[in-house]
Amino acid sequence: MLFAGIGPEGQHRLLASRATIVGCGAIGAAAANLLVRAGVGSLKILDRDFVEPSNLQRQTLFDESDARDALPKAIAAERKLRSINSAVSIQGVVADLRPQNAEALLSGCDLLLDGTDNFETRFLMNDFSVKSGLPWIYAAAVASYGLTMTIRPGLTSCLACLLEPGSSARTLEETCDTIGVLGPIVNLIASWQVAEALKILAGRTEALHGRLLSCDVWRGHAQSIRMARNPQCRACAQHNFTYLEGEAQPHITLCGRDSVQIHERGRALDLAALALRLRPVVEDLRQNDFLIHFRVAPYDMTVFADGRAILKGTKDPAVARSIYARYLGA
Ligand SMILES: [Zn+2]
């Protein structure tokens with residue numbers, strides 16, 4: 001309230017605002033922490049994955065006990081954030097954002113923040129944003145480099161203006177899983193992202209800088225570029241929402257290094273019954289209220305209550321389908 005850019009009126013608006021973070025890895029966790037401490041009214045956190053020890057170097061909301069318990073990131077984040085500011089309404093949702101559930105998961109808020117690690121999901125968020133007029137803030141980091149841009153449909157360029165066509169996002173194959181990412185860059189990018197979020201949620205949109213910011217903390221470079229809208233843009237000019245329509249969404253998708261995610265089922269699993277059945281036939285079975293984790297050498301499988309599974313140790317969809325069918329049924 002003392003900061004002139006926000007003031008008492010801006011703080012009151014912030015307290016009544018609703019934000020959704022899609023993906024709670026390094027950037028999502030840092031952004032959630034800043035938003036909850038700033039006093040956002042309500043925050044929804046979507047994430048499809050669970051906490052592992054290798055996340056802790058950069059994912060600042062989680063600790064060793066979360067990794068030991070293999071808690072879903074959405075649940076671990078919800079618990080930690082409640083202990084930071086109990087006045088904020090916080091909802092962790094363990095789910096993978098898909099064209100089929102985008103409307104249900106993303107509507108009813110004032111702003112979306114990007115905490116994802118892949119362009120498939122970002123383009124889906126962009127389509128939803130442009131179609132519904134909801135602003136979102138793109139943010140990404142890999143190695144020592146990161147970038148962020150605020151997208152306000154009809155007012156600024158969108159992600160498709162920026163990345164389609166030409167130097168397509170599909171060529172960006174390096175990820176945090178293959179070449180790593182430094183803790184400082186994700187926290188810096190999340191800070192820039194949340195500063196923009198506070199301007200929107202506090203009703204101070206005149207303060208938005210309207211630029212694509214990028215930075216490399218290792219080389220000491222920073223850039224600020226004003227982006228023009230593409231008058232031919234597939235999304236914001238032609239209203240062609242190919243990702244949201246998702247006609248060709250595969251049931252099996254690559255997910256990080258040497259892992260595949262399987263979406264064969266669209267219905268809930270009884271995890272307790274499944275654990276009883278699997279315990280005699282698999283190794284190292286661990287379970288909590290949200291998932292079952294087990295080993296079928298040389299693979300590690302994690303099964304979520306919504307029927308989704310992540311198989312580590314292969315990139316081959318046929319192997320993933322076969323293991324899923326063997327242990328969970330076709
Ligand atoms: Zn566009």
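Visitor: So what arrangement do the four donor atoms make around the zinc ion, and why?
Guide: Keep in mind that this is a predicted model. The arrangement is tetrahedral, because the four donor atoms subtend angles of 97 to 122 degrees around the zinc ion. Four donors count as tetrahedral if all angles lie between 85 and 135 degrees.

Visitor: Which protein donors does the zinc ion have?
Guide: They're the SG atoms of Cys-158, Cys-161, Cys-233 and Cys-236, lying 2.3 Å from the zinc ion.

Visitor: And what spacing do those donors follow along the chain?
Guide: C-x2-C-x71-C-x2-C.

Visitor: Are Cys-158 and Cys-161 buried or exposed?
Guide: Buried, both Cys-158 and Cys-161.

Visitor: What about Cys-24 and Cys-215, then: buried or exposed?
Guide: Cys-24 counts as buried because its relative accessibility is 0%. Cys-215 is buried too, with a relative accessible area of 10%. The cut-off for buried is under 20%.

Visitor: New topic. How many residues of helix H2 are buried?
Guide: Ten of its 13, so H2 is mostly covered. Among the buried ones are Ala-26, Ile-27, Gly-28, Asn-33, Leu-35 and Val-36.

Visitor: How far apart are the end C-alpha atoms of H2, and what span should its residues give?
Guide: The ends are 19 Å apart. At 1.5 Å a residue, the 13 residues of H2 (residues 26-38) should span 18 Å, so the two values agree.

Visitor: What follows H2?
Guide: Gly-39, which has a positive phi, near 95 degrees.

Visitor: Let's do rings. How many aromatic pairs turn up in the whole structure?
Guide: Five. One of them is Phe-119 with Tyr-138, a tilted pair at 6.4 Å centre to centre with 55 degrees between the planes. That pair links distant parts of the chain, with Phe-119 in helix H6 and Tyr-138 in strand E5, 19 residues apart.

Visitor: Which other ring pairs with Tyr-138?
Guide: Trp-136 does: the ring centres are 6.2 Å apart and the planes sit at 55 degrees, so that pair is tilted. Both Trp-136 and Tyr-138 are buried.

Visitor: Which residues do the ring pairs link into a cluster?
Guide: Phe-119, Phe-123, Trp-136, Tyr-138 and Tyr-243.

Visitor: Last one: where do Arg-122 and Arg-308 sit?
Guide: Arg-122 lies over the face of Phe-119, 4.9 Å from the ring centre. The charged end of Arg-308 is over the ring of Phe-304, at 4.2 Å from its centre.

How values were computed:
Residues are numbered from 1 along each chain as its sequence is written. This is a predicted model: local features need pLDDT of at least 70, side-chain atom pairs count only at pLDDT 80 or more; totals for chains, interfaces and linings use all residues. Side-chain values use heavy atoms; hydrogens and water are left out. Donors are N, O and S atoms within 2.8 Å of the metal (3.2 Å for Na, K and Ca); water is not among the atoms, so sites may look incomplete. Four donors count as tetrahedral if all angles lie between 85 and 135 degrees; four count as square planar and six as octahedral if opposite donors are over 155 degrees apart and all others between 65 and 115; anything else is irregular. Buried means under 20% relative accessible area, exposed over 50%, partly exposed in between (1.4 Å probe, protein chains only). Helices (H or I, at least four residues) and strands (E, at least two) are DSSP runs, numbered from the N terminus. The expected span of a helix is 1.5 Å times one less than its number of residues. Rings of Phe, Tyr and Trp (its six-membered ring) pair if their centres lie within 6.5 Å; planes under 30 degrees apart count as stacked, over 60 as edge-to-face and the rest as tilted. A charge sits over a ring if NZ of Lys or CZ of Arg is within 6 Å of the ring centre and within 35 degrees of the ring normal.
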